[in-house]
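I want the fold first, then the core, then the ligand site.

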Amino acid sequence: MGDAMKIRRGNREDLKFLPELLMAAYSGIEEYGEESIEKARRYIDELYDEDPNCFFVAEENGDIVGFIFCNRFWYSKFEHSHVGEINEIVVVPRFHHQGVGRELIKMAMEELHTDKIELWVGRENNRAIEFYKRLGFKEKETAGEWIRMIKN
Ligand SMILES: CC(C)(COP(=O)(O)OP(=O)(O)OC[C@H]1O[C@@H](n2cnc3c(N)ncnc32)[C@H](O)[C@@H]1OP(=O)(O)O)[C@@H](O)C(=O)NCCC(=O)NCCS
């Protein structure tokens with residue numbers, strides 16, 4: 001990650017920039033993204049409301065180029081316990097492979113204050129699956145189009 005890049009806590013004002021970034025990041029894997037920018041907007045608002053403190057953005061020269069939403073209050077019926085949940089992570093394609101995703105996960109993990117972190121990823125979203133494996137997540141159950149991954 002270059003010097004011009006910084007990760008900071010997100011806020012409500014940032015939300016309006018995110019639907020477009022989400023649509024761009026899911027280009028080529030549309031089946032796992034949102035159908036329209038309007039739906040992306042609703043989805044992002046919901047993620048924010050789940051746990052507004054567990055939201056971070058990556059900024060390059062003042063422009064948001066990535067974000068992460070997590071949830072500190074998630075009950076996992078698979079783990080039979082509360083876990084930290086990563087709900088969504090997006091880095092715009094032109095900044096892929098520069099360590100931005102890794103930094104966003106790091107910030108989320110600090111905020112989650114837990115050893116056990118769960119997430120769901122599209123079965124054929126190989127890019128994301130490889131990324132998560134690289135960061136120490138392991139594949140668990142499959143449910144329909146989704147695979148559950150855990151890091152502990
Ligand atoms: C998944 C995503 C967030 C990764 O972001 P990124 O900023 O490119 O990832 P990083 O550069 O921080 O990569 C971290 C590690 O993962 C590895 N990695 C990232 N993408 C990879 C890929 N396509 N294949 C293999 N490894 C990959 C990197 O090599 C790096 O490992 P290293 O530091 O040991 O070399 C990004 O691809 C994205 O936004 N995808 C679209 C949205 C999406 O699918 N989100 C997940 C929803 S569950």
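How many helices and strands are there in the protein? I counted 4 helices and 7 strands. I keep in mind that this is a predicted model.

**Order and overall form.** I read the elements from the N terminus as β-α-α-β-β-β-α-β-α-β-β. The C-alpha trace spans about 40 × 30 × 30 Å along its principal axes. I then looked up the radius of gyration, which is 14 Å; a compact globule of 152 residues would have one near 15 Å, so the value agrees. Buried residues account for 30% of the 152 residues. I also checked contacts between residues at least 6 apart in sequence, and 57% of them join residues at least 24 apart.

I traced an open sheet of 7 strands with mixed pairing, in the order 1-2-3-4-5-7-6. Strand 1 (5-9) and strand 6 (138-143) are at the edges; each has a single partner strand, so one side of each lacks a neighbour in the sheet. On average, neighbouring strands are turned by 25° against each other, direction ignored. Thr142 has Ile147 of strand 7 opposite.

**The helix on the sheet.** Which strands does helix 3 touch? Helix 3 (residues 100-112) packs on the sheet and touches strand 1, strand 2 (55-60), strand 3, strand 4 (81-91) and strand 5 (117-122). I noted an angle of about 35° between the direction of helix 3 and that of strand 3.

**The core.** I listed 35 residues in the largest nonpolar core, where Ile68, Leu104 and Ala108 touch the most other members. Strand 3 (residues 63-76) gives the largest share of this core, 6 residues. As a general note, nonpolar side chains tend to be buried together in soluble globular proteins.

**The ligand shell.** Which residues are the closest to the ligand? I found 19 residues around the ligand, the closest being His96, Gly101, Arg102, Arg127 and Glu130. Strand 4, helix 3 and helix 4 (126-134) are the elements that give two or more residues to this shell. Helix 4 contributes the largest share, 5 residues.

Key
Residues numbered from 1 in each chain as written. Predicted model: local features only at pLDDT ≥ 70, side-chain atom pairs only at ≥ 80, totals over all residues. Core = buried A, V, L, I, M, F, W, Y, C linked by C-beta atoms within 7 Å. Buried ≥ 20, exposed ≤ 12 C-beta atoms within 10 Å, placed from the backbone. Pairing = 2+ DSSP bridges. Axes fitted to C-alpha atoms, helices over the stretch in contact; angles between N-to-C directions. Contact = placed C-beta atoms within 7 Å. Rg over C-alpha atoms; globule rule 2.2 N^0.38 Å. Near = placed C-beta within 6 Å.
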